[in-house]
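The stops below go from the whole chain to single side chains.

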Amino acid sequence: MGLRTKFTLLLVVLACSFMAYIHYLVIPPVGERALGIAESGHRAHLQLTAEAITPSLLESDLAKVYELLNAIRYDNPSWRQVELYSPGGARLYPLAEHVDFTDDIPILILEAPVGFLKPPIANLVVSVDMSSSIGIAQELEASLLLALGLLLLVLLVVVWCEVEWLIRRPLAQMVLAARKLIKGDFHAALPLRNSDEIGELAGAFADMRAVMERHHIDVAAELEQQRAHARLLQLEKLRAEFDATHDVLTGLLNRRELERQVSIALDQVQADPSKRYALLFIDLDHFKAVNDSCGHLAGDQLLCEITSVMRRRIREQDVFARMGGDEFAILLPRCDVKAGARIAHDVCWSVFQYCFEYDQQIFRIGSSIGLTELTANSMGVEQVIVEADAACYKAKRKGRNRVELADHLECAGIAPIGKD
Ligand SMILES: Nc1nc2c(ncn2[C@@H]2O[C@H](COP(=O)(O)OP(=O)(O)OP(=O)(O)O)[C@@H](O)[C@H]2O)c(=O)[nH]1
């Protein structure tokens, strides 16, 4: 149940209690007091009438008394009956019979002695119809009740509005601002900073929110810094990983990575001997001449270009590495000796055909390639590479620019494809 409902209920209960108190305890005495005033008026008037008829009665001038009492009855319609009795109780006025009023007419009977003697010379009795006085008293009560009710209503409305504007609305506004704050909105409207407690609360809330916003900005900046740092570290890690596995000049895999790949391939072959891998070891021929003639930069350029030339001759899945200097290796998955030899010849031929131009000089180089196959009987990474290297050295010895098989492989008919 909201504050507004609770407060409205409280006001209704208070209003009902107050109106009940007014109705039962304050208004009735007012009505009785009004009736008492009316009764006093009648009593005073009766006393004056008694004094007025005293001389005539002392002179036994009853005609004059009658005339006076008739006139008084005429002037006072609420005096329903005026009677004059002798001290002995004999009716002197009126001569007609006494009237008994019905119970539904509120009658007040007043009596006044005539003269100053004791016993009096007569008793004047009047039956006053109090209907109109009671009606006036009731109207007075109703008007008073209505006026007080209206006054109370106005007061309650004023109090309700004050509470609504000064307490409930500012509190509701702060609740909304707090909820938005949870969602990261630091700019929801707040109540004005009044000098009362609610204003102080709003001010304290605004100060707290400002601190939180600054803290939030700091944390966000710190977080962004951490993220940037993490991205940098990730990049550095990737770069380090790349550097650890690649050759800086050509971008090919380096010797260590090739050894790792050969190791993996050996594991696979040993697990499944039907899998085939061939390994080429390539040493460029007469590369030193480029270095010596044009310098190392030219040699570097040639190494990069020859890398592209050879790459075009191999497949996507082949593992191409630079072993160092002018030495390269290619691990060929799903290749037996024959297929490997075909690729090796292709590579050898492409290198042989390639012309390197530098400073208006033209160089023709070649490549000596040794080929071996990975088998379940291979003794390990080093041994496989040594086999391919030895075959390469054999190609050098046999005149360069050719492909030679490892000694233990028996494969006839592979002849040099060009001359240096
Ligand atoms: N430009 C350049 N030269 C290099 C690099 N690494 C090694 N070398 C040079 O490459 C040459 C390789 O020597 P060799 O293989 O004996 O030279 P070659 O002329 O190819 O001799 P053969 O193989 O017998 O034909 C050496 O002179 C090294 O100094 C490199 O990264 N850049």
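Contact, as used on this tour, means heavy atoms within 4.5 Å. With that in mind, select leucine 302: neighbours within four places in sequence set aside, its contacts are Leu284, Phe287, Val290, Tyr354, Phe356 and Ile365. Note before going on that the model is a predicted one.

**Whole chain**

The protein has 420 residues, and 38% of them count as buried. Of the contacts between residues at least 6 apart in sequence, 62% join residues at least 24 apart.

**Residues 7–27**

Next select residues 7–27, where UniProt, in an unreviewed entry, places the feature "transmembrane region". In the model this stretch is 100% helix and 0% strand, and its end C-alpha atoms lie 28 Å apart.

**The cores**

Return to the part of the chain around leucine 302. Which members of the largest nonpolar core touch the most other members? They are Leu284, Leu302, Ile306, Phe328 and Val347, out of 39 residues in that core. To see where the core comes from, colour the elements that each give two or more residues to it: strand 5 (277–285), helix 6 (287–294), helix 7 (296–311), strand 7 (327–333), helix 8 (337–353), strand 8 (355–358), strand 10 (366–374) and strand 11 (402–405). Helix 8 gives the largest share, eight residues. Then select Leu108, Val114, Ala122 and Val128, which are among the 21 residues of a second, separate core.

**The ligand**

- From an N or O atom in the side chain of aspartate 300 to a nitrogen atom of the ligand: 2.7 Å.
- From a backbone N or O atom of leucine 284 to an oxygen atom of the ligand: 3.2 Å.
- From a polar side-chain atom of aspartate 283 to an oxygen atom of the ligand: 3.4 Å.

Taken alone, the ligand exposes 650 Å², and the protein buries 68% of that.

**Aspartate 285**

Move to aspartate 285 in strand 5. Is this residue buried or exposed? Its relative accessible area is 0%, so aspartate 285 counts as buried, the cut-off being under 20%. Show its side chain, which makes a polar contact of 2.5 Å with the side chain of lysine 396. A polar atom of the aspartate 285 side chain also lies 2.8 Å from the backbone nitrogen of asparagine 401. Beyond four places in sequence, the contacts of aspartate 285 are Ile365, Gly366, Ser367, Ser368, Lys396, Arg400 and Asn401.

**Cysteine 294**

The last stop is cysteine 294, in helix 6. Cysteine 294 is also buried, because its relative accessible area of 17% is under 20%. Leaving out neighbours within four places in sequence, cysteine 294 is in contact with Tyr358, Gln361 and Phe363. Draw a C-alpha to C-alpha distance from cysteine 294 to glutamine 361: the two are 8.8 Å apart in space and 67 residues apart in sequence.

Technical notes. Residues are numbered from 1 along each chain as its sequence is written. This is a predicted model: local features need pLDDT of at least 70, side-chain atom pairs count only at pLDDT 80 or more; totals for chains, interfaces and linings use all residues. Side-chain values use heavy atoms; hydrogens and water are left out. A nonpolar core is a set of buried Ala, Val, Leu, Ile, Met, Phe, Trp, Tyr and Cys residues joined through side-chain atoms within 4.5 Å. Buried means under 20% relative accessible area, exposed over 50%, partly exposed in between (1.4 Å probe, protein chains only). Helices (H or I, at least four residues) and strands (E, at least two) are DSSP runs, numbered from the N terminus. UniProt positions are given in the numbering used here, feature names are shortened, and annotations may be inferred rather than shown by experiment. A polar contact is a pair of N or O atoms within 3.5 Å; within protein, one must be able to donate a hydrogen and the other to accept it, and residues adjacent in sequence count only if both atoms are side-chain atoms. Accessible areas come from the Shrake-Rupley method with a 1.4 Å probe; for residues, only the protein chains shown count as cover.
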